[in-house]
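Okay, thanks everyone, I'll keep this short. Let me put the structure up and then walk you through a few things.

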Amino acid sequence: MGEHDRLLVDFTLLESSKKNLNDIKRALKDIEKHRADIHDIWGHDSIAGKMEDFVNNWDNYRRELLENVEDLGKQVETSLKSFEKLDIDLKNVAEKKNGKNGGS
């Protein structure tokens, strides 16, 4: 088998991607907690109104972004589990084959 006949899976990269996506998801969810904290610094009503419009628009985009991050996280998790299972299955098949052939 040549080098190009192999599938190499970087489990470390998949694990770190899963962690990073969870961190992003948590940060996006936590933003809502700080909304009231910054309302008082906007000052004048017209500025506060424009900032409120901006925040409302951002909330819509944030929700969409959060959904996409959650979906991607599920896909990474599924890929990771599938590759881990495949790795174990291939190891078991190789061990079984080597055992039947007298270890050769």
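So, which residues in H1 are buried? Leu-14, Leu-21 and Leu-28 are buried in H1, buried being under 20% relative accessible area, exposed over 50%, and partly exposed in between (1.4 Å probe, protein chains only). Looking down the axis of H1, its buried residues fall within an arc of 50 degrees, so they line one face of the helix; that arc is taken over the directions from the helix axis to the C-beta atoms.

Quick word on the source: this is a predicted model, where local features need pLDDT of at least 70, side-chain atom pairs count only at pLDDT 80 or more, and totals for chains, interfaces and linings use all residues. Residues are numbered from 1 along each chain as its sequence is written, and side-chain values use heavy atoms, with hydrogens and water left out.

Helices here are DSSP runs (H or I, at least four residues), numbered from the N terminus. At the N-terminal end of H1, Asp-10 is the cap, with a side-chain oxygen 3.2 Å from the backbone nitrogen of Thr-12.

Now over to helix H3, where we find Asp-59. Asp-59 counts as buried because its relative accessible area is 6%. Its side chain makes a polar contact of 3.3 Å with that of Arg-62; that means a pair of N or O atoms within 3.5 Å, and within protein one must be able to donate a hydrogen and the other to accept it, while residues adjacent in sequence count only if both atoms are side-chain atoms.

Tyr-61 lies in H3 too, residues 45–100. Buried or exposed? Exposed, because its relative accessibility is 57%. That's me done, thanks.

Methods: Helices (H or I, at least four residues) and strands (E, at least two) are DSSP runs, numbered from the N terminus.
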